[in-house]
Amino acid sequence: MSDTPAERPIFSDREALLFHSARRPGKIEIIASKPMATQRDLSLAYSPGVAVPVQAIADDPSTAYDYTAKGNLVAVISNGTAILGMGNLGALAAKPVMEGKAVLFKRFADVDSIDIELKTEDVDRIIDAVELMEPTFGGINLEDIKAPECFIIEQTLRERMNIPVFHDDQHGTAIITAAGLINAAHVTGRELADIRVVVNGAGAAAIACTELIKALGVRHDHVIMCDREGVIYKGREKGMDQWKSAHAAETDKRTLKEALVGADVFLGLSAANVLNGDDVKAMAPSPIIFAMANPEPEIRPEVAKAARPDAIIATGRSDYPNQVNNVIGFPFIFRGALDVRATKINEEMKVAAAHAIAELAREAVPDEVAAAYGGSQSFGADYIIPAPFDPRLIERVPSAVAQAAMDSGVAKKPIFDMDAYRLELRARLNPASSALAASFEAARARNRRVVFAEGEQEVVLRAAVSFRTSGYGVPLLVGREEPIREGFARIGVNDPENYPIYNSANSPLVPAMVEQLYDRLQRKGYLRRDVQRMVNNERNVFAALMLEMGEADAMVSGVTRHFHQVMNQVRLVVDPVEDHTPFGFHIFVGRSSTFLIADTTVTERPSGAQLADIAVKTAGAARRIGLEPRVAFLSYSNFGNPPGSYLGALHEAVAILDELRPGFEYEGEMSVDVALNRSMAAVYPFNRLTGPANVLVTPGLQSANIAAKLLKELGGGRVIGPVLMNMRRSVQVVPMTSTATDIVTLAALAAAGVVQ
């Protein structure tokens, strides 16, 4: 099972340490949700203004949910005794994992979360510590606490506390597994009451999975659980405890191999490679196999498929179909529980979550998710669990959990309008964030060759390594062999042979490149020796020629030279799309909104026709990252007021789109506040935009570039770009200050086909 979107190693140790240490150490920070700019703000936030809600809460404790962050705050608590698959490494070592869990809560369900690491293995001290924190939090997520202590801690806290307590290692895994099992049974025409299940493993996750599938209808006498000693059967004494005894079977089978004969389902929450092909062959027709040991499953899917092509297989890994990924569950389960102020997360809520997840997988997959996974995602043997980046999860799972909490009587704040609640859930997150994340999956599906023109730069090497190990495509490095190998050694790459190097001084491609470029430039004032020198010495020219000759599918450059220097070299080789002008846009990704700004890189003062083209192409890119485009042509003027000297091109662009009827909303000229602030709609009732603009087309390069860089330095979100458009080949020019992550992002967008 998995807590994260990817389990396989996709970066070097150094890259991981840089990620966690760069800028501000760690992955979380505390920010104020109210303005704190003036003395009056501070007086309201603290003394004397804070006395008013203090008294209100003292008079009515339930108002703490109205006047504090309690109702959206979850504690992620661990003592580090069972960290991922690494074992008991202690409370302090658990902190990076718990911070990561807090990030996932926020990213997927807009739940605020604080990590708390407790330096004790004493069960009673943990229980006391957590119980004493009830006034602070709306929910408790227990994590990475070893069995059997985790059972005692959770059960005791559930009895003592009046807020949800949820051990995700148990129940998160169980809920996703149950959803997958519901659908696997559906695909194979089975009823849950009829299936025979073998569970291998008797730890926290295995017991929780067993309990939940029984709650869903699997019969107790149809389940055999195994541990290191073999089958857990009635009367066994060795290695038993009360939790295992509850699932002891009335059977004469004593080994895992014996138990598997004729079994419909294998649930593995144990160790790598405990199954082989013969074991799978012994199972019933169309066997259902959940091999969830991480990072190496109980049996590799390709081994199981070779033995039984009719098998349905799920693992905890992202590089196989049907990933059992806890991030599909826990953020959304807490979201629903918090929103109805549930006193606990009970069996009914877990069952509701499992059914909601299962039902979602049976529906048609959204375009952005289908594109991300190669367009092959439809309900069936290889798609029984929704993708982690499915944007519908935030709407479906919390609403099902909330409804179950109300129906089972544990909700203190019922929701009376579930349709309105679903709309509220949908608005909590920025849908483009999921679409952008899905674009990286699309890059994996396409597996394009991307040439990194500045291969000797360490930041580029780190980007190339991340690009390859993440599975986004094949990086091709331009540079001298020795400096690149030295760079690989510095960053700890142990397989440099997997990174093709193209040295422009000695590449066998050079003669053909010289001929091709000389034929192109000989009537533009260039001599053959000029062309020879450029091919040998200018890596951007060499890399662009690799594109033109079909040796690569995309190109990334820019960390050693200014944007326009790189563009001038690339333009010697690569033409713009016919009848179109190259331009660039930046993507601003905020917490709840995304918008694109163009042209931020190329044309200083675009004509009306160029502005219209920029609008059409940027709107197309917006659609590919999950936005329904609403284009605003920006100015200091609103529909002619005040008049000015540079409004003609904007008027012309709008007129051109009026004739084209491009299939998206557009309007202008208009100021930024009119474009983004819907309260201005009353001032201009004829405004054709039905919501805030998300594609901002500026009248010139200066305003666009300034706006993009201001947002990058001062804004509260992520700025991606510039993204170069309208070139006949896929070329991306990154800023000189780019990090490895910036470079990988643009390379992946190019490889994914977002940039067209």
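**Figure 1. The contacts of Thr 343 in the predicted model.**
Thr 343 touches Met 161, Asn 162, Ile 163, Pro 164, Val 410 and Lys 412, leaving aside residues up to four places away in sequence. This view, like the others, comes from a predicted model. Thr 343 belongs to the loop between helix H14 (330-339) and helix H15 (347-361). Is Thr 343 buried or exposed? Its relative accessibility is 14%, so Thr 343 counts as buried. The cut-off for buried is under 20%.

**Figure 2. Helix H7 and its cover.**
Helix H7 runs over residues 149-160. How far apart should its ends be? At 1.5 Å a residue, its twelve residues should span 16 Å. The end C-alpha atoms are 17 Å apart, which agrees. The buried residues of H7 are Glu 149, Cys 150, Phe 151, Ile 153, Glu 154, Thr 156 and Leu 157. An α-helix has 3.6 residues a turn, so residues three or four places apart point the same way. The cover over the buried residues of H7 includes helix H6 (123-131), helix H8 (168-187), helix H9 (204-216) and helix H10 (242-245). It also includes two strands, S3 (139-142) and S4 (165-167).

**Figure 3. Helix H8, largely enclosed.**
H8 is part of the cover over H7. How many of the 20 residues of H8 are buried? The count is 18, so H8 is largely enclosed by the rest of the structure. The 20 residues should span 28 Å at 1.5 Å a residue. The end C-alpha atoms of H8 are 27 Å apart, which agrees. Just after the helix, Gly 189 takes a positive phi of about 75°.

**Figure 4. Leu 181 in helix H8.**
Leu 181 lies in H8. Its relative accessible area is 2%, so Leu 181 is buried. Which residues does Leu 181 touch, not counting those up to four places away in sequence? They are Leu 192, Ile 195, Ile 213, Val 265, Ile 288 and Phe 290. Asn 506 makes another reference point for Leu 181: the two residues are 325 residues apart in sequence. In space, their C-alpha atoms are 57 Å apart.

**Figure 5. Ile 30 and Ile 114.**
Ile 30 sits in the loop between helix H1 (13-21) and helix H2 (39-45). Is Ile 30 buried or exposed? At 71% relative accessibility, Ile 30 counts as exposed. The cut-off for exposed is over 50%. Ile 30 and Ile 114 are 84 residues apart in sequence. Their C-alpha atoms are 9.4 Å apart in space.

**Figure 6. Two cis peptide bonds.**
Most peptide bonds are trans. Asp 599 lies in the loop between strand S16 (594-598) and helix H26 (608-624). Pro 642 is found in the loop between strand S17 (630-634) and helix H27 (648-660).

**Figure 7. Positive phi at Ser 286 and Arg 661.**
Most residues other than glycine have a negative phi. Ser 286 is not a glycine, yet its phi is positive, about 50°. Ser 286 lies in the loop between helix H12 (277-281) and strand S9 (288-291). With a relative accessible area of 23%, Ser 286 is partly exposed. Arg 661 also has a positive phi, near 50°. Its place is in the loop between H27 and strand S18 (665-670). Arg 661 is exposed, with a relative accessible area of 72%.

A compact globule of 756 residues would have a radius of gyration near 27 Å. The protein chain has 29 Å, which agrees. Its C-alpha atoms fill a box of roughly 95 × 70 × 45 Å along the principal axes. Of the 756 residues, 55% count as buried. Take the contacts between residues at least 6 apart in sequence: 71% join residues at least 24 apart. The accessible surface comes to about 32300 Å², and 52% of it belongs to carbon and sulfur atoms. The chain carries 78 positive and 92 negative side chains. The centres of these two sets lie 3 Å apart.

Definitions and conventions
Residues are numbered from 1 along each chain as its sequence is written. This is a predicted model: local features need pLDDT of at least 70, side-chain atom pairs count only at pLDDT 80 or more; totals for chains, interfaces and linings use all residues. Side-chain values use heavy atoms; hydrogens and water are left out. The radius of gyration is taken over C-alpha atoms; the globule rule is 2.2 Å times the number of residues to the power 0.38. Buried means under 20% relative accessible area, exposed over 50%, partly exposed in between (1.4 Å probe, protein chains only). Contact means heavy atoms within 4.5 Å. Accessible areas come from the Shrake-Rupley method with a 1.4 Å probe; for residues, only the protein chains shown count as cover. Lys and Arg count as positive and Asp and Glu as negative; His and the chain ends are not counted. The place of a charge is taken as NZ of Lys, CZ of Arg, CG of Asp or CD of Glu. Helices (H or I, at least four residues) and strands (E, at least two) are DSSP runs, numbered from the N terminus. The expected span of a helix is 1.5 Å times one less than its number of residues.
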